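Please examine the sequence and the structure shown here before reading on.

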Amino acid sequence: MLAATRQRFLDDYTKIRHAEGRGSEDSSYYLALPYRDVTGRLQDQWSMRGKSYRYLETRILPPIERQFGRPLRIADLGAGNCWMSYRLALRGHRPVALDILSDSLDGLAAGRHYQQRTPFPRINAEFDVLPLAAGSIDLAIYNASIHYSTDYRRTLLEVRRCLRPGGWFLIVDSPVYRRREHGEMMRRERHQQFQAQYGFASDALPSIEYFDEPMLSELGRDLGVTWQIHRPWYGLQWALRPWKARWQGKRPPSRFWILAGRFGR
């Protein structure tokens, strides 16, 4: 990634995240994540993240843990403030948090709030150039992050390099649409919203920003990925969103599936 492009993206992203009220100087904020936002500013969003993680730790992690039979070496990709690395460390695993954002409220520097309890490494890095040895990790988790990739094939080829044989990667809290045009509509709406609210479209990087079902099929075919699709229950109001959108004549809303991928040998 070109340095100027990267810096513009980071500046825009940080401005938006701070304006949204993310982060705190109080360690209790970070220790409560993802289940509760003690500030009350973004509780609805964190409630969803909490449900995703609860599903992951009760339904997805246990069979992977049994497969390896030891603490997992996990890459938390797009770790943000490192809450997932903290939760995984509490579970007895060996996470490494990676992100391009070093911000003290919403980036890797915020991980300082966890270090006295369960220390883990934090590394500034891009998806497509991971500072990890080949075959060194058991599990990679894209933590509400892979949709910032500009090229899913390149991003996934890099994680394939880093995974041990039999390793898995998980895509959590990234939007999935049935059809590509619905994802493109979302992307246009999002950029228009940012332009109106912040004075810039937040498009310094040509991020893809979503998955669609044909795209997942193409990635599976081209890269030899076998997908498992998990559908956490986010509540009745969330489940009724497609019907409400249809009734209002709006585009279909995103689905937040958890995608578990494994590369063929």
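Alanine 144 counts as buried, because its relative accessibility is 18%; buried denotes a relative accessible area under 20%, exposed over 50%, and partly exposed the range in between, with a 1.4 Å probe and protein chains only. The model is a predicted one, in which local features need pLDDT of at least 70 and side-chain atom pairs count only at pLDDT 80 or more, while totals for chains, interfaces and linings use all residues. Residues are numbered from 1 along each chain as its sequence is written, and side-chain values use heavy atoms, with hydrogens and water left out.

**Backbone geometry**

Alanine 144 sits in the loop between β4 (137-143) and α6 (152-162). Helices (H or I, at least four residues) and strands (E, at least two) are DSSP runs, numbered from the N terminus. The phi of alanine 144 is near 55 degrees, a positive value in a residue other than glycine. Aspartate 173 likewise has a positive phi, near 60 degrees, and belongs to the loop between β5 (163-172) and β6 (176-177). With a relative accessible area of 6%, aspartate 173 is buried. Most residues other than glycine have a negative phi, and most peptide bonds are trans. A cis peptide bond, with omega of about 5 degrees, links leucine 33 to proline 34. Proline 34 is part of the loop between α2 (27-32) and α3 (43-68).

**Cysteines**

How many disulfides does a search of the whole structure find? The search returns zero, where a disulfide is a pair of cysteine sulfur atoms within 2.5 Å. Cysteine 82 is in no disulfide, and the nearest cysteine sulfur, that of cysteine 162, is 18 Å away. Viewed from cysteine 162, the closest cysteine sulfur is in cysteine 82, and the 18 Å between them is too far for a bond. Cysteine 82 is buried, with a relative accessible area of 0%, and cysteine 162 is buried at 0% relative accessibility.

Lysine 250 lies in the loop between α10 (241-248) and β9 (258-263). At 56% relative accessibility, lysine 250 counts as exposed.

**Helix α7**

Helix α7 (residues 180-198) has 19 residues, which at 1.5 Å a residue should span 27 Å; the end C-alpha atoms are 27 Å apart, in agreement. The expected span is 1.5 Å times one less than the number of residues. Which residues of α7 are buried? They are His182, Gly183, Met186, His191, Phe194 and Tyr198. The cover over these buried residues includes α1 (3-19) and β6. Histidine 182, at 13% relative accessibility, counts as buried. Leaving aside residues up to four places away in sequence, histidine 182 touches Tyr177, Arg251 and Pro252, contact meaning heavy atoms within 4.5 Å. Just after α7, glycine 199 adopts a positive phi of about 90 degrees.

**Surface patch**

Trp233, Leu236, Leu240 and Trp243 make a nonpolar surface patch of about 520 Å². Patches consist of residues with over 30% relative accessible area and no salt bridge, like charges being joined within 9 Å and nonpolar side chains (Val, Leu, Ile, Met, Phe, Trp, Tyr) within 5 Å. Accessible areas come from the Shrake-Rupley method with a 1.4 Å probe; for residues, only the protein chains shown count as cover.

**Salt bridges**

The structure holds 25 salt bridges, each a side-chain nitrogen of Lys or Arg within 4 Å of a carboxyl oxygen of Asp or Glu. Some of them are listed below.

| Arginine 22 | Glutamate 20 | 2.7 Å |

Arginine 22 is buried, with a relative accessible area of 9%, whereas glutamate 20 is partly exposed at 27% relative accessibility. Arginine 179 is partly exposed, with a relative accessible area of 45%, and glutamate 181 is partly exposed at 36% relative accessibility. Arginine 221 is exposed, with a relative accessible area of 60%, while aspartate 222 is partly exposed at 40% relative accessibility.
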